[in-house]
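Subject: Structure handover

Hello,

Here is the structure for you to look over.

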Amino acid sequence: MNAGETSAPAGPGAATPAARVRVALLTGLGFVAAIVLFVLMMLTTVDVIGRYVLNRPLPGAFEITEMALAALIYCGLPLVSQRREHIVIDTFDHFMSRTVRRACDMTAEVLCSATLFGLAWLVFRRASRVLSYGDTTTVLRLPLAPVAYLMAGMLLATAVIHLALILVPHGEDDGKSIV
């Protein structure tokens, strides 16, 4: 490699800044989901051992588990949507032309996006109320607002992903269907 050359690809196959940001965000969400899942596993292990072996359950384990599960589910939602790994029933797809299937896919993405934008707005409003009331968990007194805002943010991110997927056609047989 000569001086001044970089190892980044050039030309039509080069990743755009937007694509790099998208990959970084999705990788980050996957990493967060993996860490949360690992923490849940360790928390459950410690709680079960404490409860049944030492007769001393871990205080607040249920509250932490609830919050971690909410984070896991809502961080996973954009990942599942971006990969189009939701459950799909394609019973009638074989009877439709490619154009009709594409129209159905686009309609589904628009409906999903609109629904998710609405849910994000409702959850954001709820998160604001939770913050203003200062709601906390019962035992550990952990604030609930950050989890509520995380849920709203992930719903918003998922809505944006569905908007972007309107422009991306499905492959002929992308292997994503279960029927």
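Below are the conventions, then helix packing, a pocket and the salt bridges.

This is a predicted model: local features need pLDDT of at least 70, side-chain atom pairs count only at pLDDT 80 or more, and totals for chains, interfaces and linings use all residues. Residues are numbered from 1 along each chain as its sequence is written, and side-chain values use heavy atoms, with hydrogens and water left out.

Helix packing. Helices are DSSP runs (H or I, at least four residues), numbered from the N terminus. Axes are lines fitted to C-alpha atoms over the stretch in contact, with angles from 0 to 180 degrees between N-to-C directions. Helix 1 and helix 2 (residues 61–82) cross at roughly 150 degrees, and their axes come within 9 Å. That makes the two roughly antiparallel (angles over 145 degrees). Their crossing is left-handed (the near helix is turned anticlockwise from the far one by less than a right angle).

Helix 3 (residues 98–133) packs on helix 4 (residues 145–165) at about 165 degrees, axes 8 Å apart. Helix 3 and helix 4 are therefore also roughly antiparallel. Helix 3 passes helix 4 in a left-handed crossing. Their contact has 21 nonpolar, four polar and one charged residues (nonpolar: Ala, Val, Leu, Ile, Met, Phe, Trp, Tyr, Cys, Pro; charged: Asp, Glu, Lys, Arg; polar: the others, Gly among them).

A pocket is an open set of points on a 1 Å grid where a 1.4 Å probe fits, with protein on both sides within 12 Å along at least five of seven lines; lining residues have an atom within 4 Å of a point. Helix 4 gives the largest share of the lining, six residues. By class, the lining has ten nonpolar, one polar and one charged. Among its residues are Arg22, Gln82 and Met154.

Salt bridges. The whole structure holds two (a Lys or Arg side-chain nitrogen within 4 Å of an Asp or Glu carboxyl oxygen). Arginine 51 pairs with aspartate 47 in a salt bridge, closest N and O atoms 3.1 Å apart.

Best wishes

Terms used
Angles under 35 degrees count as roughly parallel, over 145 as roughly antiparallel, 65 to 115 as roughly perpendicular and the rest as oblique.
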